[in-house]
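This report describes the fold of a single protein chain. Please have the sequence and the three-dimensional view at hand while reading.

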Amino acid sequence: MYKSGRMQRSMLRAGLALLLAAAPAAAQEEPVSLTGIIDFHAHAGPDSRPRSLDDIEVARLFREEGLRGMVLKNHFTMTADRAALAMAQVDGLEIFGGVVLNRSVGGINPEAVRQMVAFEGGRGKVVWLPTWDAEFNEYRIRPDGSVAAPGPSDPFVRVLEDGAPVAPLVEILSLIAAHDLVLATGHLTPQEVMLLLPAAKAQGVRHILVTHPFGQHATIDDMRRMAAEGAVMELDWFAVHRGSDSVAEYAEAIREVGAEHYLITSDLGQAGNPTHTEGLRAFIRALRAAGVSDREVDLMARRNPARLLGLD
């Protein structure tokens, strides 16, 4: 199944390349408005990995481009406090943060979530399950900014045991529900996600984001099941930019599962890569070229992230 999925993805990429080659150059450079868009996955400095812009610079860029908001993500430290500081410096932009439950914050640590919620400013909104320290990790960013080879993390943060969430995660799920936070699945495999979703809903979690499912090799059938459980799934431009995902497979998933179940993000901020706004514009142009409608783009770039964040 894995080889077959890889073959299908290769064929989809080839098909998109032909489509884009046939599209007029003017269409590829058509104006793209970023007004009202929310980037749910924005990296910025300071960080332990090289970043192109700091929090304030990204916020100013987004305000100038007319975006509505962003979620600051860092794999190793909480960003709720940084989001509050950035909002104090840059008017007219909704900035949220969160915490990724990697080893640097104690792993599956309920106290890390409690403190995030209590921080002044109230900008802590997202709890990501392990990314870098997930048990089965597709990719990791080294300190020099390069991408490590796929493989298991060692050591890793355990999320499930005997098919059920570990006890501290059950407590975290209840905290997420009590404070109306967003649960993001980090770098969990599709199999782990499908075990987690019913448990999260049973604890009262209302907002669930599956973090870049293609990066974790989710199939269309996997994504249909995730959508049926009420999850929203993230499609990110960084994965396309580095060549691991393709817009053709994104477009197929949108057609098969429905745009109402997805949001699009930049996942940018890495030194040497395009800026977040350059990535978002390229993403929207590529989606249009692949047959995704402006209505669907609006759903994925504006309405779905706003709904998750309680802004609608």
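The text below treats the chain as a whole, then its helix packing, and then some individual residues.

**Basis of the description**

The structure is a predicted model, in which local features need pLDDT of at least 70 and side-chain atom pairs count only at pLDDT 80 or more, while totals for chains, interfaces and linings use all residues. Residues are numbered from 1 along each chain as its sequence is written, and side-chain values use heavy atoms, with hydrogens and water left out.

**The chain as a whole**

The chain has twelve helices and 14 strands. Helices (H or I, at least four residues) and strands (E, at least two) are DSSP runs, numbered from the N terminus. Of the 312 residues in the chain, 54% are buried. Here buried means under 20% relative accessible area, exposed means over 50%, and partly exposed lies in between (1.4 Å probe, protein chains only). The chain exposes about 12,700 Å², of which carbon and sulfur atoms supply 54%; accessible areas come from the Shrake-Rupley method with a 1.4 Å probe, and for residues only the protein chains shown count as cover.

Contact means heavy atoms within 4.5 Å. Among contacts between residues at least 6 apart in sequence, 74% join residues at least 24 apart.

**Helix packing**

Two packed helices are described by the angle between their axes and the distance between the axes. The axes are lines fitted to C-alpha atoms, for helices over the stretch in contact, and angles run from 0 to 180 degrees between N-to-C directions. Angles under 35 degrees count as roughly parallel, over 145 as roughly antiparallel, 65 to 115 as roughly perpendicular and the rest as oblique.

Helix H8 (residues 220–228) takes part in a packing with helix H10 (residues 247–257), where the axes come within 10 Å and cross at roughly 45°. H8 is therefore oblique to H10. This crossing of H8 and H10 is right-handed. A crossing is left-handed if the near helix is turned anticlockwise from the far one by less than a right angle, and right-handed if clockwise. On the H8 side the contact is made by Ile-220, Met-223, Arg-224 and Ala-227, and on the H10 side by Glu-252, Ala-253, Glu-256 and Val-257. By class, these residues are five nonpolar, no polar and three charged. In this classification Ala, Val, Leu, Ile, Met, Phe, Trp, Tyr, Cys and Pro count as nonpolar, Asp, Glu, Lys and Arg as charged, and the others, Gly among them, as polar.

H8 also packs with helix H7 (residues 190–202), at an angle of about 15° and with the axes 10 Å apart. H7 is therefore roughly parallel to H8. The crossing of H7 and H8 is left-handed. Pro-190, Val-193, Met-194 and Leu-197 of H7 make the contact with Asp-222, Arg-225 and Met-226 of H8. The contact of H7 with H8 comprises five nonpolar, no polar and two charged residues.

The axes of H3 and H11 come within 10 Å and cross at roughly 45°, so H3 and H11 are oblique to each other. In this pair, Val-58, Leu-61, Phe-62 and Glu-65 in H3 meet His-276, Thr-277 and Arg-281 in H11. The contact of H3 with H11 contains three nonpolar, two polar and two charged residues.

**Backbone features in loops**

Most residues other than glycine have a negative phi, and most peptide bonds are trans. Gly-45 and Pro-46 are joined by a cis peptide bond, with omega about 0°. Pro-46 is placed in the loop between strand S1 (38–42) and helix H3 (55–65).

Asp-180 is not a glycine, yet has a positive phi of about 55°. Asp-267, also not a glycine, has a positive phi of about 55°. Asp-180 is found in the loop between helix H6 (167–178) and strand S11 (182–184). Asp-267 is found in the loop between strand S14 (262–265) and helix H11 (276–289).

**Accessibility of selected residues**

| Residue | Relative accessible area | Class |
|---|---|---|
| Asp-180 | 29% | partly exposed |
| Asp-267 | 3% | buried |
| Arg-158 | 41% | partly exposed |
| Glu-57 | 38% | partly exposed |

Arg-158 is found in the loop between strand S8 (151–152) and strand S9 (160–161). Its neighbours within four places in sequence aside, Arg-158 is in contact with Ile-108, Glu-135 and Val-166. The C-alpha atoms of Arg-158 and Gly-107 are separated by 8.2 Å, with the two residues 51 apart along the chain.

Glu-57 lies in helix H3. The C-alpha atoms of Glu-57 and Val-90, 33 residues apart along the chain, have a separation of 9.4 Å.
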